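Subject: Structure handover

Hello,

Here is the structure we spoke about, followed by notes on what was found in it. Please read the notes with the coordinates open.

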Amino acid sequence: MKSVNKLIAAGALVSVLFVAARYSVLAEPPAGAHRLDADAIGKAAGVKATTAADGVVRLAWARTDVDVKVDDVPLKPLAGLGSWAAFTPAPHGAMVMGDTVVFQDEVSPAMDAAFATGLEVTGLHNHFFYDEPKVYFMHIGGMGEPEKLAAGVKSVWDAIKKVRADSPKPASRFMGDVPKEGKIDQAAIEKALGHKAEAQGGVVKVTIGREGMMHGVKVAGSMGLTTWAAFSGSDELAAVDGDFIMTAGEVQPVLHALRKAGIHIVALHNHMVGEEPAFYFTHFWGKGKAVELAGGLRAAMDEQSKAAQGKGH
């Protein structure tokens, strides 16, 4: 019996060593792949970098500067209030992906900093309900030289820190006057956007449909595949909110154009799963003269058209 027990124990040890060796091999970077310099990446980002077993270099920033409660529960950074960026080797340097914790008044400065350094914004959404103050998460990505990408991440985080240095408490609304109910020139909006509008209760709205396939079924504007913009207030001071429907290659050009026009991005996400082509939606908010806001949206539409034709960003 003792001999049998020894054999079983030996067999178990061999199994454990085999599994450990197998996962150790899997955790190693692919053969021939170059390793990234964590120290150089950390220096460029201004924070200490760590390297995972698979060669991925990670940066982290815990948001301890603002107290957050979710459902009245004080939330610690480890529970989901940590910004991070991860770098993996790529043929021409590195690829970076990351998630950035942002409060509402930090989103536009952080996004502008990302764009100024060549990073992409790939998502903007919430992770919680009943959070105070409201917390959002901006996903970023990019390809290129590792240190340049890391410097871009630093710029994003520095932009956020500057907002909080200037005002420790997150703002409760956008800067500027509040539009008051008045008259919106429907014809001027139609001319600026090149599409017919509808009007109701002082709001002028333009809706532009698009077609796609969903589980083998043709779907279009009436099923929610639309770009739309609604103007409230007056010609002199209006608010515009709406949504752009975009394919993957159209996302960055549209975001860049909207921000260039001073229009805020308030969400970037998907609405469906399994559609062809894959569509993404960005929601926006802006304030200013109605015709100027319409002009900014038209510029985004033009950039989207160029991207769709392979001529864009």
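In what order do the three strands of the open sheet with E13 stand? The order is E13-E12-E17, with antiparallel pairing. Strands, of at least two residues (E), and helices, of at least four (H or I), are DSSP runs numbered from the N terminus; two strands pair if DSSP finds at least two bridges between them.

This is a predicted model, in which local features need pLDDT of at least 70 and side-chain atom pairs count only at pLDDT 80 or more, while totals for chains, interfaces and linings use all residues. Residues are numbered from 1 along each chain as its sequence is written, and side-chain values use heavy atoms, with hydrogens and water left out.

Strand E12 (residues 212-214) is joined to E17 by two bridges, and Met-214 stands opposite Glu-275.

Another open sheet of three strands has the order E4-E3-E8, also with antiparallel pairing. Its edge strands are E4 (73-74) and E8 (131-132). Two bridges link strand E3 (residues 69-70) to E8, with Val-70 opposite Asp-131.

Lys-287 in E18 is the bridge partner of Ala-239, and Phe-281 in E18 is that of His-269.

Pocket and cavity

Both were found on a 1 Å grid over the protein atoms alone: a cavity is a set of points where a 1.4 Å probe fits but cannot get out, a pocket is an open set with protein on both sides within 12 Å along at least five of seven lines, and lining residues have an atom within 4 Å of a point. Grid points are joined across faces, edges and corners, and a volume is the space filled by probe spheres set on the points.

The largest pocket has a volume of about 560 Å³. It is lined by 23 residues, and those closest to its centre are Gln-104, Asp-105, Arg-173, Phe-174 and His-264. Helix H3 (107-116), strand E16 (264-269) and strand E18 (280-288) each give two or more residues to the lining of this pocket.

There is one cavity of 30 Å³ or more, and the largest cavity holds about 70 Å³ of space. Its lining includes Trp-228, Phe-244 and Phe-284. Strand E14 supplies the largest share of that lining, three residues.

Salt bridges

The structure holds 13 salt bridges (a side-chain nitrogen of Lys or Arg within 4 Å of a carboxyl oxygen of Asp or Glu). Arg-164 and Glu-106 form one at 2.7 Å, N to O. Arg-164 is in helix H4 (residues 146-166) and Glu-106 in the loop between strand E6 (93-103) and H3, so the pair ties together parts 58 residues apart in sequence. Both residues are buried (under 20% relative accessible area, with exposed over 50% and partly exposed in between; 1.4 Å probe, protein chains only). Salt bridges with shared partners join Arg-63, Asp-65, Asp-105, Glu-106 and Arg-164 into one network.

Arg-259 and Asp-112 meet at 2.8 Å, N to O. Arg-259 is buried, at 14% relative accessible area, whereas Asp-112 is partly exposed, at 31%. Glu-211 and Lys-218 form a salt bridge at 3.6 Å, N to O, and both are exposed.

Regards
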